[in-house]
Amino acid sequence: MAQIIDQSLRPENILPKLQSSPYGVQFYRYYTETTSTNDRAKEYARAGFPEIGVIVAERQTAGRGRMGRQWISELGGGLWVSILLRPRLDPSQMGVLNLAFGLAVYRALKSLYNLEGLSVKWPNDILISNGKLAGILTETGSSQSRVNWAVVGIGLNVLRTPGSWEKVATPPAFLADETKERIVRGRILLQILAEFSAFYYSETFVDAVLTEYMQCCGTIGSNVVCSSQHGSVSGLAVGVDTRGHLLVRDSISGRIVSLDAKEVSLQKPLPNDE
Ligand code: BTN
C-alpha cells in the first residue's frame, strides 16, 4: 500500500514558508484527491483569482499529460502541482514561459540533489538516465492578443506506485531511485518557485531563460525525429528561438524548420552518428 511520502505539502506546514517568501504566491490550495490540479487551477483562473496561485494534490484521478496522454499520479507517487499565472507577456512569448518551468524544475533538482545525468528534453521533460523524472503541461486562456492566464502543471515522479507504467510514452524515472537524500516535496516546490521567480520577475525574461535553457537542454545538438499532424521532420536540433520553438535542420532539405511544442511530439533523440 502506497504511503503519502511526507506531510510537507499540508497547508499548515508550507503556508508559513510561502507567506514569508518573496515569490509572490497569493493563494495555496491543497487537495488530498482531485481529478487534475490543472482542472482546479483553471477554475480559479476563470473565477478571477490572482497570480501566483499554487494548487497541489496528493492524488489525481485524471492526471493529464501533453498530447492528451494520461499522467499516473497516485497517492504517495510524487509531486503533482499546478501554478496559476497571469503573465504580462506577449502571447508569442508563452512558449518561453513553458521552457522556463522546465528550467526551474531542472535547477531545483540540481540544487537540492545534485543529480548526475539530469537534462531537459525540449520543451520541458526532465530526464535522468533516459527515464522521465518530470513532465510539464501548460494550458493558457487568451482573448484577442492578450494572455489572461496560464496554468503550468508539473508532475514529478518520486516513488513507483502501482499503475500501467508499461503504457507511458517515455519510460519513467523516480527521484527516490536517484538519491539517498530524504525527499521533502515541499522543499522541492519552494525551490521550483524560487528558481522560476528569479526569471519571471527579471526585465530580460526571454533572454535570461533562453541563455540558461541552452545549457541544460539535451535535445539541442542531437538528431531528432519530430512528428505532428502535418507530418514528420528529422534532423539536427540546433537551438530554440524567442518563441520557444525548436529549430531543426531538416536532414533532407537542409532548411531550418521551427517547431511549436503545442503541435509537435519529439521522438527519442537518435544517436548523432546514425
Ligand atoms: C507531460 O509530460 O506529458 C506533462 C505531465 C504533466 C503532469 C502534471 S501533474 C500536475 C498537473 N495536473 C495534471 O493533470 N497534469 C499536470
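The model is predicted, so local features need pLDDT of at least 70 and side-chain atom pairs count only at pLDDT 80 or more, while totals for chains, interfaces and linings use all residues. Residues are numbered from 1 along each chain as its sequence is written, and side-chain values use heavy atoms, with hydrogens and water left out.

We can start with the ligand. The ligand sits in the largest pocket. A pocket here is an open set of points on a 1 Å grid over the protein atoms alone, where a 1.4 Å probe fits, with protein on both sides within 12 Å along at least five of seven lines; a molecule sits in a pocket if more than half of its atoms lie within 2 Å of the grid points. There are 19 residues around the ligand, and S36, Q60, R64, R66 and K132 come nearest (a residue is near a molecule if one of its heavy atoms lies within 4 Å of it). By class, this shell has 10 polar, 5 nonpolar and 4 charged residues; Asp, Glu, Lys and Arg count as charged, Ala, Val, Leu, Ile, Met, Phe, Trp, Tyr, Cys and Pro as nonpolar, and the others, Gly among them, as polar.

Helix 2 (37–46), strand 3 (78–85), strand 6 (131–143) and strand 7 (146–157) each supply at least two shell residues, and strand 6 gives the most, with 4 residues. Helices (H or I, at least four residues) and strands (E, at least two) are DSSP runs, numbered from the N terminus.

An N or O atom in the side chain of K132 is 2.6 Å from an oxygen atom of the ligand. A backbone N or O atom of R64 lies 2.7 Å from a ligand nitrogen atom, and a polar side-chain atom of S36 lies 2.8 Å from a ligand oxygen atom. Of the 420 Å² of accessible area that the ligand has on its own, the protein covers 99% (Shrake-Rupley method, 1.4 Å probe).

Turning to the sheet, 5 strands form an open antiparallel arrangement in the order 11-10-9-8-12. Strand 11 and strand 12 (265–266) are the edge strands, each pairing on one side only. Two strands pair if DSSP finds at least two bridges between them. Strand 9 (residues 231–240) is joined to strand 10 by 5 bridges, and G239 has L247 of strand 10 as its bridge partner. Strand 10 (residues 246–250) in turn pairs with strand 11 (residues 256–259) over 4 bridges, where R249 is partnered by I256. This hairpin has 5 residues between the strands, and G254 takes a positive phi near 80°.

Some loops also deserve a look. Most residues other than glycine have a negative phi, and most peptide bonds are trans. The peptide bond from E51 to I52 is cis, with omega near -5°, and I52 is found in the loop between helix 2 and strand 2 (53–57). W122 and P123 are likewise joined by a cis peptide bond, with omega about 0°; P123 lies in the loop between strand 4 (118–121) and strand 5 (125–128).

How values were computed:
Polar contact = N/O pair within 3.5 Å; in protein donor to acceptor, adjacent residues only side chain to side chain. 1 Å grid on protein atoms, 1.4 Å probe; cavity = no way out; pocket = protein on both sides within 12 Å on 5 of 7 lines; lining within 4 Å.
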